[in-house]
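User: I'm new to this one. Could you take a close look at the sheet and walk me through what surrounds it?

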Amino acid sequence: MIAAGFVAQGARVYISARRAPACFETAEALGPNCIALPGDISTVEGCEALAAAYLEREPSLDILINNAGAAWGAPFGEFPESGWDKVMALNVKSPFFLTQTLHGALKAAASADHPAKVINIGSIDGLRLNPWETYSYQASKAAIHQLTKRMAARLIEDHINVTAIAPGAFPSEMNRAARDHPEAVGKAIPSGRIGTAEDMAGAAIFLASRAGDYVAGDILVVDGGVVNAALGASIDAE
């Protein structure tokens, strides 16, 4: 959704995913201004490899969207260590180290008048409880929100603004309930519907554009009112 929105605004967009066929298919669908760079950023080495592949093609980076993520659900008494390690590594560690690795490229694009942007993708599950036993996922999303603020405090010195988006229910492979049962999920949302591609793209474009140049460290909640305008509502957000 974000990549399509950026391409529509005339940006040259590089996308990455560990599943190479899906990555190339998406880039082809979005047109010649979308370039696929498949990779697995669940490790520091993977982050470094993706950064190197990007820097072979571009000398600087205006906008970095840290969007890769994973979830895990299991009963409390059965929740495995692997469910912590996988989720915390991809959802918290990887955004930090990918940004660290691309710090030089971001600084090369940044100036006081036109800051570079880093946008982390959090979740409303880092702001309130959902009804599911997704312990490491909820902890990781709360962590990425706080990490966003800590990174923002440091990187603004280099004219790099760090923010985050906390999505609610959007149709995706991770949120199959919203994808497959949008009307049922929408009934539990104050606005009465799930999020659309335009909702997500618009939020990211705001933060990435001139309109967001004076925004740093903020968590933009895009959820139809679940967190801030709900009266006891509870939905499976992601």
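Analyst: Let's start with a term: two strands pair if DSSP finds at least two bridges between them. Strands are DSSP runs of E with at least two residues, helices are runs of H or I with at least four, and both are numbered from the N terminus. This is a predicted model, where local features need pLDDT of at least 70, side-chain atom pairs count only at pLDDT 80 or more, and totals for chains, interfaces and linings use all residues. Residues are numbered from 1 along each chain as its sequence is written, and side-chain values use heavy atoms, leaving out hydrogens and water.

Now the sheet. It is open and built from 4 strands in the order β3-β4-β5-β6, with parallel pairing. β3 (63-66) and β6 (219-222) sit at the edges with a single partner strand each, so one side of each has no neighbour in the sheet. From one strand to the next, the twist averages 20° (angles run from 0 to 180 degrees between N-to-C directions, with axes fitted to C-alpha atoms, for helices over the stretch in contact).

Zooming in on β3, 4 bridges tie this strand to β4 (residues 116-121), and the two run parallel. In that pairing, I65 stands opposite I119 in β4.

Helices pack on the sheet too. Helix α4 (residues 81-101) touches β3 and β4, and its direction makes about 160° with that of β3; contact here means heavy atoms within 4.5 Å. Helix α9 (residues 197-208) touches β3, β4, β5 (160-167) and β6, at about 165° to the direction of β5.
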